[in-house]
Amino acid sequence: MPTIVDAEVSKPARITGRVMSGVVVLFLLFDGAIKLVPLPVVTETMDKMGYGASDTLARSLGIITIVCTLLYSVPPTSILGAILLTGYLGGAIASHVRIDSPLFTHTLFGLYLGLMAWGGLYLRDGNLRALLPFRR
């Protein structure tokens with residue numbers, strides 16, 4: 001059975017990947033933290049999106065966000081975390097589509113964040129690069 005070995009990643013690619021991943025992690029940890037409190041803006045927004053102003057739901061989403069983000073930020077579980085975050089962000093996109101939010105600023109924001117998460121992971125993880133090679 002073939003195994004994936006640590007593929008070399010250039011220093012600039014690794015640094016760029018870490019910066020991209022860091023931005024995603026900081027944003028999602030902040031997002032999860034404000035849902036744990038939960039701030040009034042969170043429950044009001046959830047109500048506008050049709051989920052009701054539930055503190056329990058907000059806290060649950062905050063825990064899910066933080067757990068998935070922590071999995072993404074730890075190298076041995078980063079791919080699992082990226083997969084889970086992709087599903088979470090897909091749900092956010094679907095919610096915005098359902099209420100007809102502005103396309104480029106609200107609806108596609110989850111796509112932008114997901115692309116940054118996977119792009120950062122691809123740039124910093126040689127194993128992922130070996131698994132999904134881009135050829136010229």
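Which residues does serine 95 touch, not counting residues up to four places away in sequence? Keep that question for a later stop.

**Before you start**

This is a predicted model, in which local features need pLDDT of at least 70, side-chain atom pairs count only at pLDDT 80 or more, and totals for chains, interfaces and linings use all residues. Residues are numbered from 1 along each chain as its sequence is written, and side-chain values use heavy atoms, with hydrogens and water left out.

**Stop 1: the whole protein**

Show everything as a cartoon. You will find seven helices and zero strands. Helices (H or I, at least four residues) and strands (E, at least two) are DSSP runs, numbered from the N terminus. The pattern along the sequence reads α-α-α-α-α-α-α. Along the principal axes, the C-alpha atoms fill a box of roughly 50 × 30 × 30 Å.

Of the 136 residues, 32% count as buried. Buried means under 20% relative accessible area, exposed over 50%, and partly exposed in between (1.4 Å probe, protein chains only).

**Stop 2: the annotated spans**

Residues 19-37 are 95% helix and 0% strand, with their end C-alpha atoms 27 Å apart. For residues 103-123, the end C-alpha atoms lie 28 Å apart, and the span is 95% helix and 0% strand.

**Stop 3: valine 25**

Move to valine 25 in helix 1. Is valine 25 buried or exposed? Valine 25 is buried, with a relative accessible area of 13%. Show its partners next. Leaving aside neighbours within four places in sequence, valine 25 is in contact (heavy atoms within 4.5 Å) with Thr69, Tyr72 and Ser73. Valine 25 and leucine 84 are 59 residues apart in sequence and 13 Å apart in space, C-alpha to C-alpha.

**Stop 4: helix 2**

Select residues 40-48, which form helix 2. Colour Val42, Thr43 and Met46, which are buried. They lie on the same side of helix 2, because they cover an arc of only 90 degrees around the axis. The arc is that of the directions from the helix axis to the C-beta atoms. What do the buried residues of helix 2 pack against? They pack against helix 1 (11-36) and helix 3 (55-73). Step just past helix 2 to glycine 50, which takes a positive phi of about 95 degrees.

**Stop 5: serine 95**

Back to the opening question. Serine 95 is found in helix 4. At 9% relative accessibility, serine 95 counts as buried. Show Met49 and Tyr51: serine 95 touches both, not counting residues up to four places away in sequence.

**Stop 6: aspartate 100**

Go on to the loop between helix 4 (78-98) and helix 5 (103-107), where aspartate 100 is found. Most residues other than glycine have a negative phi. Aspartate 100 has a positive phi of about 60 degrees although it is not a glycine. Aspartate 100 is exposed, with a relative accessible area of 68%.
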